[in-house]
Amino acid sequence: MELIVLSGGVLVVPILAFITSFLFWPGTLLKAYNWYWRRRLGLVVRYSHSGSYRFCYSCRGTPGGATPSLLLLHGFSATKDMWLPVIKYLPRNQHVVCVDMPGHEGTSRTGAEDYSIQGQVARIHQFVQSIGLDKRPFHLAGTSMGGNVAGVYAAHYSAHLSGATLICPAGLVYPTDSEFISRLKELENSQKEESIPLIPSTPQELDDMLRLCCYTPLNLPRQVLQGLLDNRIPNNGFYKEVFMEIVGEKSRHSLQENLHLITAPVQVIWGKEDQVVDVSGAAVLQAALPNCLVELLDNCGHSVALERPRKAAQLIMNFLSAQEVNSENVKKLS
């Protein structure tokens with residue numbers, strides 16, 4: 001296992017890959033670090049445009065291989081680089097695309113209309129068209145907020161997809177409240193100006209957020225937490241704007257409201273110890289989509305890409321391969 005040694009201690013590389021993309025490691029080091037890992041994994045950063053709107057994405061490989069192209073959508077306040085630990089375990093010949101979601105990192109930051117779930121779906125479809133990903137069916141995977149977007153995209157554009165993977169998706173009506181949802185309800189009831197648990201503004205709040213997102217505590221040194229926080233705080237206004245859109249009336253249950261429209265094959269991956277969106281959501285998806293494949297991961301929280309990257313990559317590739325086999329069998333029968 002390769003290690004990066006910092007003044008405050010030692011961090012395992014796959015974990016740091018996720019953390020840096022999620023929390024904006026101090027400027028120069030973050031850019032150099034992500035550049036190194038993208039280069040090592042064979043990823044290149046590119047830009048595409050839809051009118052004046054700019055998308056930033058990374059990609060590897062070319063379409064038309066043995067399995068469909070794979071488009072990955074990250075979660076709230078993360079970036080395309082949060083997928084680096086997963087991509088490490090994908091086959092080198094798999095065509096993979098990771099895009100910065102609307103307003104995040106290198107993608108245009110516009111206004112609230114682009115940050116609702118429907119707004120994000122519309123922008124992602126523009127991105128798909130801008131790089132020609134819609135020329136043949138592709139596989140769409142998303143986590144958390146990105147899982148919500150992926151599910152609603154599948155509802156509206158199932159014909160464009162070979163399948164979809166929803167990883168701990170937001171946007172459902174969950175039978176059981178998670179720790180995060182319980183805290184949100186307390187904030188709403190108190191009507192106090194308190195911080196949102198996923199938008200930290202102090203080192204302690206940042207540490208609390210990491211413990212909320214990960215089943216296994218990361219225990220980052222204090223100076224590391226402060227460095228991450230210093231680079232994250234300038235974006236907190238944007239994060240709050242996005243957050244208020246995705247928990248607002250139009251978006252809060254957008255996936256739930258669109259499930260009946262999904263016709264593409266669906267895979268669900270969920271950490272059993274998820275404290276952000278409760279794993280009971282998997283049963284909701286199973287009830288609405290009886291043919292979906294549900295994979296529940298032991299000893300794993302909300303951050304599946306960080307906590308179980310090898311398993312996530314394996315499950316996604318197995319599902320892609322199975323869908324390709326099914327597609328070939330259908331062609332033979334017809």
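Of the 334 residues of the chain, 56% count as buried in this predicted model. The accessible surface of the chain amounts to about 14,400 Å², of which carbon and sulfur atoms supply 51%. The secondary structure consists of 13 helices and ten strands. Among contacts between residues at least 6 apart in sequence, 73% join residues at least 24 apart.

The largest nonpolar core contains 99 residues, and within this set L71, L73, F76, W83, I87, I124 and W270 touch the most other members. Helix α5 (residues 145-156) contributes seven residues to this core, the largest share.

Strand β4 (residues 53-60) is largely enclosed by the rest of the structure, because seven of its eight residues are buried. On one side of the pairing pattern, β4 is joined to strand β3 (residues 44-50) by seven bridges, and the two strands run antiparallel. Within this pairing, V44 has C59 of β4 as its bridge partner. The two strands form a hairpin with two residues between them, and G51 in the turn adopts a positive phi of about 65 degrees. Strand β4 also pairs with strand β6 (residues 96-99), again in the antiparallel sense, over four bridges. In this second pairing, Y57 stands opposite V99 of β6.

Aromatic pairs number twelve in the model. In one of them, F55 and F127 adopt a tilted arrangement, with 5.4 Å from centre to centre and 55 degrees between the planes. Since F55 belongs to strand β4 and F127 to helix α4 (residues 117-130), the pair ties together parts that are 72 residues apart in sequence. Both F55 and F127 are buried. Ring pairs additionally link F76, Y115, F180, F238, Y239 and F243 into a cluster; of these, F76 is also among the core residues that touch the most other members.

S69 is located in the loop between β4 and β5 (70-73). With a relative accessibility of 4%, S69 falls under the 20% cut-off and therefore counts as buried. The side chain of S69 makes a polar contact of 2.6 Å with the side chain of H95. Apart from neighbours within four places in sequence, the contacts of S69 comprise P63, Q94, H95, L133, F138 and H139.

Y174 occupies the loop between β8 (161-167) and α6 (179-190). Its relative accessibility is 15%, so Y174 likewise counts as buried under the 20% cut-off. A polar atom of the Y174 side chain lies 3.4 Å from the backbone nitrogen of G171. When residues up to four places away in sequence are not counted, Y174 touches P169, W270, V277, D278, S280 and G281. Among these contacts, W270 is also one of the core residues that touch the most other members. The C-alpha atoms of Y174 and A283 are 9.0 Å apart in space, although the two residues are 109 residues apart in sequence.

Definitions and conventions: Residues are numbered from 1 along each chain as its sequence is written. This is a predicted model: local features need pLDDT of at least 70, side-chain atom pairs count only at pLDDT 80 or more; totals for chains, interfaces and linings use all residues. Side-chain values use heavy atoms; hydrogens and water are left out. Buried means under 20% relative accessible area, exposed over 50%, partly exposed in between (1.4 Å probe, protein chains only). Contact means heavy atoms within 4.5 Å. A polar contact is a pair of N or O atoms within 3.5 Å; within protein, one must be able to donate a hydrogen and the other to accept it, and residues adjacent in sequence count only if both atoms are side-chain atoms. Accessible areas come from the Shrake-Rupley method with a 1.4 Å probe; for residues, only the protein chains shown count as cover. Two strands pair if DSSP finds at least two bridges between them. A nonpolar core is a set of buried Ala, Val, Leu, Ile, Met, Phe, Trp, Tyr and Cys residues joined through side-chain atoms within 4.5 Å. Rings of Phe, Tyr and Trp (its six-membered ring) pair if their centres lie within 6.5 Å; planes under 30 degrees apart count as stacked, over 60 as edge-to-face and the rest as tilted.
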